[in-house]
Amino acid sequence: MMIVGISVTTAAIGKDETEGIKIPQNSTKDGQTFSPVNGKLKIYVKYARELRDTDGPFNLPDPYVVVDAYDTRLHKNTRKTITINETLNPDWNEWLEFGKEDWLEFRIQLLDADKYWDDEMMPPDTVSICQGNHKDQTYSSEDNGYLMYDYILE
């Protein structure tokens with residue numbers, strides 16, 4: 001296995017980007033109580049299958065995955081996989097590491113590297129982070145296949 005962690009940005013997020021993010025320290029939102037979790041966050045992006053061809057008849061998508069992890073200071077920490085060219089069934093087998101923090105949640109998204117069109121292949125999926133080893137997580141879209149990944153908080 002190859003360990004890869006490409007940092008795109010680590011910056012405080014703006015008000016619009018915090019919409020829907022849980023509030024730290026045993027807070028309640030929409031009737032749900034939660035606490036942040038401390039540990040080293042690692043996400044293993046495995047593969048995607050049955051993706052929709054968004055690039056037309058003469059080429060295939062160039063998929064990649066972006067993960068934004070949010071800590072209790074509401075800082076967004078972004079990592080992304082490599083881009084795999086021209087495929088509907090990419091295999092990444094790639095670790096994205098975020099380091100040790102007090103984590104709230106992460107957002108995972110499958111994108112298509114395009115020069116002239118919107119990169120989005122599937123809308124982002126938000127995951128509340130829990131301690132432990134979480135295997136075979138599925139991120140799917142009704143009309144655009146699925147992505148398999150694991151995540152670990154140690």
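Helices (H or I, at least four residues) and strands (E, at least two) are DSSP runs, numbered from the N terminus. By this definition the protein chain has zero helices and 11 strands, and its pattern along the sequence reads β-β-β-β-β-β-β-β-β-β-β.

The structure is a predicted model, in which local features need pLDDT of at least 70 and side-chain atom pairs count only at pLDDT 80 or more, while totals for chains, interfaces and linings use all residues. Residues are numbered from 1 along each chain as its sequence is written, and side-chain values use heavy atoms, with hydrogens and water left out. The quantity pLDDT is the predictor's confidence in each residue, from 0 to 100. Its mean over the protein chain is 82, and 78% of the residues reach 70 or more. Over residues 1-15, pLDDT stays under 50. For that stretch the model has 35 contacts beyond four places in sequence, a contact being heavy atoms within 4.5 Å.

Contacts also describe the chain as a whole. Among those with a separation of 6 or more, 64% are between residues 24 or more positions apart. The chain has 154 residues, of which 45% are buried. Here buried means under 20% relative accessible area, exposed means over 50%, and partly exposed lies in between (1.4 Å probe, protein chains only). The protein chain exposes about 8400 Å², and carbon and sulfur atoms supply 46% of this area. Accessible areas come from the Shrake-Rupley method with a 1.4 Å probe; for residues, only the protein chains shown count as cover.

The interior may be approached through its nonpolar core, defined as a set of buried Ala, Val, Leu, Ile, Met, Phe, Trp, Tyr and Cys residues joined through side-chain atoms within 4.5 Å. The largest such core has 26 residues, and L41, I43, F106 and L110 touch the most other members. Strand 5, strand 6, strand 8 and strand 11 (146-153) each supply at least two residues of this core. Strand 8 gives the most, with seven residues. The surroundings of L110 can be followed in detail: leaving out residues up to four places away in sequence, L110 touches A48, L51, P63, Y64, V65, W92, E120, M121, M122 and Y139.

Two threonines in the loop between strand 7 and strand 8 come next. T81 lies in this loop and is buried, with a relative accessibility of 2%. Beyond its neighbours within four places in sequence, T81 is in contact with V45, Y64, V65, W92, E94 and L96. The side chain of T81 makes a polar contact with the side chain of W92 at 3.2 Å. A polar contact is a pair of N or O atoms within 3.5 Å; within protein, one must be able to donate a hydrogen and the other to accept it, and residues adjacent in sequence count only if both atoms are side-chain atoms. A polar atom of the T81 side chain also lies 2.9 Å from the backbone nitrogen of V65.

T87 is found in the loop between strand 7 and strand 8 as well, and at 16% relative accessibility T87 counts as buried. Not counting residues up to four places away in sequence, T87 touches L60, P61 and P63. Its C-alpha is 8.4 Å from that of L51, although T87 and L51 are 36 residues apart in sequence. A polar atom of the T87 side chain lies 3.0 Å from the backbone nitrogen of N89.

The charged side chains complete the picture. Side chains of opposite charge can pair when their charged atoms come close. A salt bridge is a side-chain nitrogen of Lys or Arg within 4 Å of a carboxyl oxygen of Asp or Glu, and the whole structure contains eight. One of them joins E97 and K40 at 3.6 Å, N to O. E97 lies in strand 8 (residues 91-112) and K40 in strand 5 (residues 37-49), so this pair ties together parts that are 57 residues apart in sequence. E97 is partly exposed at 22%, as is K40 at 31%.

A further salt bridge links E101 and R73 at 3.4 Å, N to O. Because E101 lies in strand 8 and R73 in the loop between strand 6 (63-71) and strand 7 (75-80), the pair ties together parts that are 28 residues apart in sequence. E101 is partly exposed, with a relative accessible area of 27%. The side chains of R107 and E105 meet at 3.9 Å, N to O; R107 is buried at 17%, and E105 is buried at 0%. Finally, a network of salt bridges links K46, D136 and D150.
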